[in-house]
Amino acid sequence: MTDRETATDVVGMWVTADGHIRQELRADGRYDEARGDRRSAYTGRYTVTGGHLDYVDDTGFTATGDIRDNVLYHEHLVLYRESDHRQVRR
């Protein structure tokens, strides 16, 4: 991701390789993260600066992420675009 790319470039579903964690980054700057069978386990807003994401959960918790080579490194998680079937096992 280059510095000229915008937030719309991250929009979509991001998932861990095992499919357990699913993070939807929406075009309106909101995110919704499911964990296993628990829908909307975490919700909040995010902003994008270049390839860096800043998250603020609806409870006030903050986190960060970085996109490198079309992979989202979100704190201790590694997420792939759902459309990249080479990485995501279902």
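Start by selecting Asn70, which sits in the loop between strand 6 and strand 7. Strands here are DSSP runs of E with at least two residues, and helices are runs of H or I with at least four, both numbered from the N terminus. This is a predicted model, in which local features need pLDDT of at least 70 and side-chain atom pairs count only at pLDDT 80 or more, while totals for chains, interfaces and linings use all residues. Residues are numbered from 1 along each chain as its sequence is written, and side-chain values use heavy atoms, with hydrogens and water left out.

**The loop**

Stay on Asn70 and check its backbone: phi is positive, about 65°, although Asn70 is not a glycine. Most residues other than glycine have a negative phi. Asn70 has a relative accessible area of 36%, so it is partly exposed (buried means under 20%, exposed over 50%, and partly exposed in between, with a 1.4 Å probe and protein chains only).

Now select Asp69, which lies in the loop between strand 6 and strand 7 (71-74). Asp69 has a positive phi too, of about 55°, and is not a glycine. Is Asp69 buried or exposed? Asp69 is exposed, because its relative accessible area is 76%.

**The whole chain**

Zoom out and colour by secondary structure. The protein chain has 8 strands and 0 helices, giving the pattern β-β-β-β-β-β-β-β along the sequence. Of its 90 residues, 37% are buried. The accessible surface comes to about 5,700 Å², and carbon and sulfur atoms hold 45% of that; such areas come from the Shrake-Rupley method with a 1.4 Å probe, and for residues only the protein chains shown count as cover.

**The core**

Next, select Leu25, Tyr46, Leu53, Tyr55 and Leu72. These have the most contacts inside the largest nonpolar core, which has 14 residues. Strand 2 (21-25), strand 4 (38-49), strand 5, strand 6 and strand 8 (77-81) each supply at least two residues of this core. A nonpolar core is a set of buried Ala, Val, Leu, Ile, Met, Phe, Trp, Tyr and Cys residues joined through side-chain atoms within 4.5 Å. In soluble globular proteins, nonpolar side chains tend to be buried together.

Keep Leu72 selected and show what surrounds it. Leaving aside neighbours within four places in sequence, its contacts include Trp14, Gln23, Leu53, Ile67 and Val78 (contact means heavy atoms within 4.5 Å).

**The largest pocket**

Which residues lie nearest the centre of the largest pocket? Select Glu33, Arg35, Phe61, Ala63 and His74, which are among the 15 residues lining it. Strand 3 (30-35), strand 5 (52-57) and strand 6 (62-68) each give at least two residues to the lining. The lining divides into 7 nonpolar, 4 polar and 4 charged residues.

**Two pairs to finish**

Select Thr49, in strand 4. Thr49 counts as exposed because its relative accessibility is 57%.

Finally, go to Asp84 in the segment after strand 8. Asp84 has 14% relative accessibility, so it counts as buried.

Methods
On a 1 Å grid over the protein atoms alone, a cavity is a set of points where a 1.4 Å probe fits but cannot get out, and a pocket is an open set with protein on both sides within 12 Å along at least five of seven lines; lining residues have an atom within 4 Å of a point. Ala, Val, Leu, Ile, Met, Phe, Trp, Tyr, Cys and Pro count as nonpolar, Asp, Glu, Lys and Arg as charged, and the others, Gly among them, as polar.
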